[in-house]
Amino acid sequence: MSAIKEYDCTNCGGPLRFNPEETNWICDYCFSKFNKEEIDKIYGETKEEGLDEIHEDLDSYHCESCGAELIAEETTAATFCLYCKSPTIIKQRFKGEFQPQYVIPFKITKEQSKEMYKKWIGKKFFAPIEFKKDDEIDKVTGMYAPFWLFDCNAHGATSGRGTKVSTWRSGDYEYTKTKTYRVEREGNIRYEKIPVDGSKKLDDNYMTMIEPYDYNEIEEFSMHYLTGFLAEKYDVNSIECEKIMEQRAKDFVSNRLRSTISGYSSYISTSNNANLNDIKTNYSLMPLYMLVNKFKDKDYVFFINGQTGKIVGDAPIDHKRQVIFFGAVAAVAWIITVLGGALFG
Amino acid sequence: MAKKLSGIFLVTIILLLQVGLVFGNTDNVIDNAKLLDGDIYDELQSKANSIKTIYGMEPVILTIDDAKGNSSMVIADDYYDYNGFGVGSENKGILMLIDMDNRTVWISTTGQDIIDKYQPLIDPILEEITPYLSDGEYSDSCIRFLEIVENVERTGKISTYGQRVMDMMTSIIPYIVALVIGLIATGILTLSSKSKVTATGRNYESGDSFVLTNQADHFEHENTTRRAIPKNNNSSGGGGSHTGSSGTSHGGGGSSF
């Protein structure tokens, strides 16, 4: 039994890739298309032979298409052969605790992501011109990122002081009445699939900004979806991620309770607490496109949500462009003020 | 009674002034204090004539060095009335008095639309003229006065558009405005380069699972304060419409130099 899995076209033997546009599999060489039922029939369902066995992890693999030896980083679970570009899935890396329950398949193709990114960076006025060039944008890579999804019941309580202020006039005086209230709110709420990224390499802030994913399109995990994309397995375990999730969930509860307090001129919170129970954890792979650009010796990373197309990243600011823009705006404003002021002065 | 007497007194003074017409004085430029250079009279007179013809109002310039105890306002108003200046039934016109005795410059307007038109401009006009007088440039002050009258008659503003553009270019205000707008525009575009979090708790809330188990708004106490509303003290500046001894209303104002 092979340690790796490659998807080959039954018509011509060429490599198959998952096609986000039509949610099917397409052959690189003869363009034959296969839908999920057909792929399942040819390659079997997710829980197939030997997936639950734990084998010793291998440092290198042989590409089944060209025989080359691939060295894969510890967390890489799906990749491409360096030489023949065949998509390769390292089955090993999906075994046991690393077997995901869910996956959201790619909805946006690489070409589409490039177009979206091009438009997005085009709007960033102060971004350096190099970032907007096609050969830079070409470097976009599609990958499945490891996420922990948490369900939980949350209970929160908050209290504080609110004031209602009214003013009126009578005679020569202006009256101000301030009514003070003690406000309490307490409630329960259930959260589902709060995501926390499980990869040390992926910046947590960007991963939060790339949310939300649309869970209507979440599927039970199948390795088939991965062919043609990179995939990483988690290296931050669920216990650590649960702590991050807890903080987020507690903030969600506070905000939800706070949104039920209304009708006050001012409100100050004096106490706030929340707790969680019945926490369920699931491991899922989520699609995203990644692009790394260098500017002045610094790396700038951009992420595109592979399902929704949301783009996050901090475009660097080319100071020359900033200064020129400032100068132009100031000059125009000066001219308008001089001519307009003289007109009305 | 006192008013009537001072009125007659004044008329006498003015008639005497008429008798002692100084050589060089022209119809609209009466320089009893001898402040102006000889060659300026013709220039001022022809300017005054053109204003009178084109705009239907009569500008007059009067200088004195002895007020004989009267206020500049009274002298200016009465001189205009008793010498028959003005165009039309309302005697429309404007007179500038340079009173070296009181060291006051006074502008007197006659005719309701002239009064109304110039009243809001009196202070800016005086601000323009007074520096010339303080520097002893009496001829220039008269030339400037007639320029101002012509501008006001033609455009409603004291200075021409070109003059105002020059003023603006040397003022600091456009620079400040340009700086602020430049900074705001650059700031907005810079901040829009940053990415934001869009997912909220609502994205992960399960259906209608939100239930409030306790909701209380307990009234604690109430507090009422009051403050007295300050009264408006209307203080209006000097000038404004008033009636001269001849019965004609005048507008105008003055300032010392």
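Which residue stands opposite B:S108 in strand 7 of chain B? The residue is B:G252. The structure is a predicted model, in which local features need pLDDT of at least 70, side-chain atom pairs count only at pLDDT 80 or more, and totals for chains, interfaces and linings use all residues. Residues are numbered from 1 along each chain as its sequence is written, chains are lettered from A and ligands numbered from 1 in the order in which they are written, and side-chain values use heavy atoms, with hydrogens and water left out.

Strand 4 (residues 104-110) and strand 7 (residues 249-256) of chain B run antiparallel and are joined by seven bridges. Strands (E, at least two residues) and helices (H or I, at least four) are DSSP runs, numbered from the N terminus. Two strands pair if DSSP finds at least two bridges between them. Both strands belong to an open sheet of six strands in chain B, with order 1-2-3-4-7-6 and mixed pairing. Strand 1 (29-31) and strand 6 (242-243) of chain B stand at the edges. Each has a single partner strand, so one side of each lacks a neighbour in the sheet. Helix 6 of chain B packs on this sheet and touches strand 2 (58-64), strand 3 (93-99) and strand 4 of chain B. Contact means heavy atoms within 4.5 Å. The direction of helix 6 makes about 160° with that of strand 3 of chain B.

Helix 6 (residues 138-155) of chain B also meets helix 5 (residues 122-134) of chain B. Their axes come within 8 Å and cross at roughly 160°. Axes are lines fitted to C-alpha atoms, for helices over the stretch in contact, and angles run from 0 to 180 degrees between N-to-C directions. The two helices are therefore roughly antiparallel. Angles over 145 degrees count as such, those under 35 as roughly parallel, 65 to 115 as roughly perpendicular and the rest as oblique. The contact residues divide into seven nonpolar, one polar and three charged. Ala, Val, Leu, Ile, Met, Phe, Trp, Tyr, Cys and Pro count as nonpolar, Asp, Glu, Lys and Arg as charged, and the others, Gly among them, as polar.

Helix 2 (residues 40-55) of chain B packs against helix 6 of chain B at about 15°, with axes 11 Å apart. That makes the pair roughly parallel.
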